[in-house]
Amino acid sequence: QSLGGPAERLGPIHGSELPYVGIASAVTNPSPVNTLLADQMSSYWTNYAKTGDPNAEGLPQWESMPAGASEWFVLGPEVGPAAIPKEKLNLFKPTIVADYLNGPAKFNAAYA
């Protein structure tokens, strides 16, 4: 996808986290940052599967995201809560998926 296209606006695609949690092929860039991220992500997934809570000692606290939240939890080079960029806030509108399914041209016009 080109920069500014739907993929950039929506973020990572479904399943793009799988190499980081050990379900798919290995992380393609095994840098120290990616190795740490893979460890944290697999810990969150495992904790959630075992207890229903992703949190554990040694991990940044992952709070639930209430309706109207101004922060989301980021898993990347920095892990933890971060302000939702204003241009991303409309992604939480109930109609965004329906708008995208109506066609990329209409989606791009509505969310550009």
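Helices (H or I, at least four residues) and strands (E, at least two) are DSSP runs, numbered from the N terminus. Asn47, for example, has its place in helix 2 (residues 32-51). This is a predicted model, in which local features need pLDDT of at least 70, side-chain atom pairs count only at pLDDT 80 or more, and totals for chains, interfaces and linings use all residues. Residues are numbered from 1 along each chain as its sequence is written, and side-chain values use heavy atoms, with hydrogens and water left out.

**View 1. The protein chain holds 4 helices and 2 strands.**
The elements run α-α-β-β-α-α. The predictor's confidence in each residue is its pLDDT, from 0 to 100. The chain averages a pLDDT of 76. At least 70 is the score of 61% of the residues. Among the elements, helix 1 (residues 6-10) has the lowest mean pLDDT, 58. Strand 2 has the highest, 91.

**View 2. The protein chain has an accessible surface of about 7,900 Å².**
Accessible areas come from the Shrake-Rupley method with a 1.4 Å probe; for residues, only the protein chains shown count as cover. Carbon and sulfur atoms hold 60% of the chain's surface. A residue is buried under 20% relative accessible area, exposed over 50%, and partly exposed in between (1.4 Å probe, protein chains only). Of the 112 residues, 24% count as buried. Contact means heavy atoms within 4.5 Å. Take the contacts in the chain with a separation of 6 or more: residues 24 or more positions apart account for 26% of them.

**View 3. Five residues make up the largest nonpolar core: Tyr20, Val21, Leu37, Ala38 and Met41.**
A nonpolar core is a set of buried Ala, Val, Leu, Ile, Met, Phe, Trp, Tyr and Cys residues joined through side-chain atoms within 4.5 Å. Look at Val21 here. Leaving aside neighbours within four places in sequence, Val21 is in contact with Met41, Ser42 and Trp45.

Is Asn47 buried or exposed? Asn47 counts as buried because its relative accessibility is 12%. Now turn to Asn55. With a relative accessible area of 15%, Asn55 is buried too. Not counting residues up to four places away in sequence, Asn55 touches Tyr44, Asn47, Pro60, Gln61 and Trp62. Asn55 and Tyr44 are 11 residues apart in sequence. In space they are 6.4 Å apart, C-alpha to C-alpha.

**View 4. Ring pairs link Tyr44, Trp62 and Phe73 into a cluster.**
Rings of Phe, Tyr and Trp (its six-membered ring) pair if their centres lie within 6.5 Å; planes under 30 degrees apart count as stacked, over 60 as edge-to-face and the rest as tilted. The structure holds 3 aromatic pairs. One of them joins Tyr44 and Trp62 edge-to-face, at 5.0 Å centre to centre with 85° between the planes. Tyr44 is buried, with a relative accessible area of 2%. Trp62, at 31%, is partly exposed. Trp62 and Phe73 also form an aromatic pair. Their rings are stacked, 4.5 Å centre to centre and 10° between the planes. Trp62 lies in the loop between helix 2 and strand 1 and Phe73 in strand 1, so this pair ties together parts that are 11 residues apart in sequence. Phe73 is buried, at 16% relative accessible area.

**View 5. Strand 1 and strand 2 form a hairpin.**
Two strands pair if DSSP finds at least two bridges between them. How many bridges join strand 1 (residues 71-74) to strand 2 (residues 80-83)? There are 4, and the strands run antiparallel. Between the two strands are 5 residues. Glu71 has Ala83 in strand 2 as its bridge partner. Phe73 stands opposite Pro81 in strand 2.

**View 6. Pro85 lies in the loop between strand 2 and helix 3 (96-101).**
Pro85 counts as partly exposed because its relative accessibility is 28%. Compare its place with that of Ser70. Pro85 and Ser70 are 15 residues apart in sequence. Their C-alpha atoms are 8.6 Å apart in space.
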